[in-house]
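Please look through the structure below with this briefing beside it.

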Amino acid sequence: MNRIGPLLIVEGANNSKVPYSRSLYIDCKDKVLIDSGGDPDALLEVNRQYGVELIVNTHYHPDHTRHNHLFRDAAKWINQIEFEKAQTIEGIARLNGVYQEWGPEGVEMWRKNLPQDWVENLGGYSKSYEYEKEYSFGGVKVSFLHTPGHTSGLSCPYFPELGVVYVGDYDMTSFGPWYNGTDGSIDDFIESGNRLISLDADTFITGHQKGVFSKLDFQQAMESFLAIIQERDETIEQYVREGLTFEELTNVGIFYPKQTLDVPLLKTWERSGIRKHLYRLGLTIPESSTVFGMAK
Ligand SMILES: [Zn+2]
């Protein structure tokens, strides 16, 4: 486990790749864990050695909240935007685009396949925290910056006195920015990314994969990370010019590899992500190639 002053970095399985993530523990008298996607044995070890009395979640996604249920007695906080809507299966189905893409039947099917642990995590929040306000946990100061885009409520915990920021899903992976839920926004994503690189911090800790970046490395990585948005725009625009329908476009593999698009949730996000780009590009295309009831 890496330590930066009072902060312990708890890695998740598989290099903290989705559906796992990196957790942060503030070793102080308030015993605070930030996100619970880290390795469960390591998290329980932290609990044994130091104790966990409060879990603060940066946002509601399961890869960041997945082990909340291991800490039954800990208080759990989430950001104020997601406090209400992330407490029910129906709410999460809407945020994930399941309702938008497949309607109530899709939601029912999705509901049946949810892991029980995950459902248990949903209703567990006792409180929401405020954005941009300085909290002090055992003397460690932290502000939860409002950094929408990935979700509308995502916060990035910023420790001004330590020069550290946990940038969560600004993860600099080759996958690129993820804003595919109905609560995601491409424009907000870019704006928040630009805000993060201008922060007065030396250490940027991502939620997934590579992990710890210096300011310069993070700034450079952000440039190529955000450039992926532009590449997606160009690819989509090209396919539209070739005359692809929405159905055809969502089988190409713009976000996810083509061979994974038979996974219902990935297909859902592929569709909702493409819709966002089409909207941004001002393009409208037919849903499918059925014209006057005949297949083209
Ligand atoms: Zn997320």
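Two residues are in contact if their C-beta atoms, placed from the backbone, lie within 7 Å. This is a predicted model, in which local features need pLDDT of at least 70 and side-chain atom pairs count only at pLDDT 80 or more, while totals for chains, interfaces and linings use all residues. Residues are numbered from 1 along each chain as its sequence is written.

**Domains**

- The protein chain is divided into domain 1 (2-222) and domain 2 (230-281), with bounds that come from an automatic or database domain assignment.
- The C-alpha centres of domain 1 and domain 2 lie 26 Å apart, and 10 residues of domain 1 are in contact with 8 residues of domain 2.
- On the side of domain 1 that touches domain 2, the largest share, 3 residues, comes from helix α5 (residues 98-112); helices (H or I, at least four residues) and strands (E, at least two) are DSSP runs, numbered from the N terminus.
- By class, that side of domain 1 has 3 nonpolar, 6 polar and 1 charged residues, where Ala, Val, Leu, Ile, Met, Phe, Trp, Tyr, Cys and Pro count as nonpolar, Asp, Glu, Lys and Arg as charged, and the others, Gly among them, as polar.

**The sheet**

- An open sheet of 6 strands, with mixed pairing, has the order β8-β9-β10-β11-β12-β13; two strands pair if DSSP finds at least two bridges between them.
- The edge strands, each pairing on one side only, are β8 (134-137) and β13 (212-214).
- Strand β10 (residues 155-159) pairs with strand β11 (residues 164-168) in the antiparallel sense over 2 bridges, and Y158 stands opposite V165 in β11.

**Helix α8 and its neighbours**

- Helix α8 (residues 215-241) lies across β12 (203-206) and β13, running at about 100° to β13; axes are lines fitted to C-alpha atoms, for helices over the stretch in contact, and angles run from 0 to 180 degrees between N-to-C directions.
- The axes of α8 and helix α10 (residues 264-281) come within 10 Å and cross at roughly 85°, which makes α8 roughly perpendicular to α10, a term used for angles of 65 to 115 degrees.
- This contact is made by R232, D233, I236 and E237 of α8 together with I274, H277, L278 and L281 of α10, and by class it has 4 nonpolar, 1 polar and 3 charged residues.

Methods
Parallel < 35°, antiparallel > 145°, perpendicular 65-115°, else oblique.
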